[in-house]
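Please read the following note with the model open beside you, and take the points in order.

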Amino acid sequence: MKYLIVGLGNIGPEYELTRHNIGFLTIDRLADQYDAKWESGRLAFKSEFKHKGRTIHLIKPTTYMNLSGKAVNYWMKELSIPKENILVLVDEVAIPFGKLRMRAKGSAAGHNGLKNIEALTGGQDYPRLRMGIGDDFPKGRQVDYVLGKFKQEEFDQLPEIMDKAIDMVLGFCTIGIAQTMTQYND
C-alpha cells in the first residue's frame, strides 16, 4: 500500500514559520521522526519512509500555495496513488487554533491551495487534515494573518499539535480514515 501525504505551505525563509506553513512544518517533523531525507523533485520536495508495511511518500510543493494542485496531480500520477490514499495537510482559519479535523472530502472553503488541488485533480473527493490556526484578525486582514508568524504561546503549543496530526496521518495510512476521524477529530 502506498500513500501520498501533502503538506501545504510556501517555500522560502520568509514563510518558514508562518501559519500558512503548518502543513510543511508538520510533515517536516514527521520526516524527522523516521530519519527520512528530503530531496528536490519535480514541483516539490519529496521524501518517503516505511511504516507498518506501507510506503508513505511525503511532498512539500515548491509551486507556492495557490498552485499546489500542480504538484499533487503530478505526484499522484507519477507514483500511481489513488486519490483516496492522498492526505493533504492544510491550515484552516475557520477552526480554532490547535484543533484538528480530518475529512474524506469537502469544499475548499475559500482556501486557494485546496481550490487548485480540486481544479487539477478533478474534484473535492480527496482526504484532508484541516489544521486550525484560528481567525484572530481584523476584517480584511486574513492574508496578513495567515502569512504572519505564530504568536509565542501558539508556537510553544505547536509540537504537541503537530504530534497529534502525525498520529492522525499514520492512522490514516494504517487503520483508515473512518476510524482515524472517530478517534482523533476535535
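**Notes on rings and strands**

1. Six aromatic pairs turn up when the whole structure is searched; rings of Phe, Tyr and Trp (for Trp, its six-membered ring) pair if their centres lie within 6.5 Å, and planes under 30 degrees apart count as stacked, over 60 as edge-to-face and the rest as tilted. Please keep in mind that this is a predicted model, in which local features need pLDDT of at least 70 and side-chain atom pairs count only at pLDDT 80 or more, while totals for chains, interfaces and linings use all residues. Residues are numbered from 1 along each chain as its sequence is written, and side-chain values use heavy atoms, with hydrogens and water left out.

2. One of the pairs joins Tyr34 and Phe49, and it is stacked because the ring centres are 4.1 Å apart and the planes stand at 20°. Tyr34 lies in the loop between α1 (22–33) and β2, whereas Phe49 belongs to strand β3, so the pair ties together parts that are 15 residues apart in sequence; helices (H or I, at least four residues) and strands (E, at least two) are DSSP runs, numbered from the N terminus. Tyr34 is partly exposed, at 28% relative accessible area, and Phe49 is buried, at 6%, where buried means under 20% relative accessible area, exposed over 50% and partly exposed in between, with a 1.4 Å probe and protein chains only.

3. Phe137 and Tyr145 form a tilted aromatic pair, with 5.1 Å from centre to centre and 35° between the planes. Phe137 is partly exposed at 22% relative accessibility, while Tyr145 is buried at 7%.

4. Seven strands form an open sheet with mixed pairing, in the order β2-β3-β4-β1-β5-β7-β6; two strands pair if DSSP finds at least two bridges between them. Because β2 (39–41) and β6 (100–103) stand at the edges with a single partner strand each, one side of each is left without a neighbour in the sheet.

5. Strand β1 (residues 2–7) runs parallel to strand β5 (residues 86–92), and four bridges join them. Within this pairing, Leu4 has Ile86 of β5 as its bridge partner.
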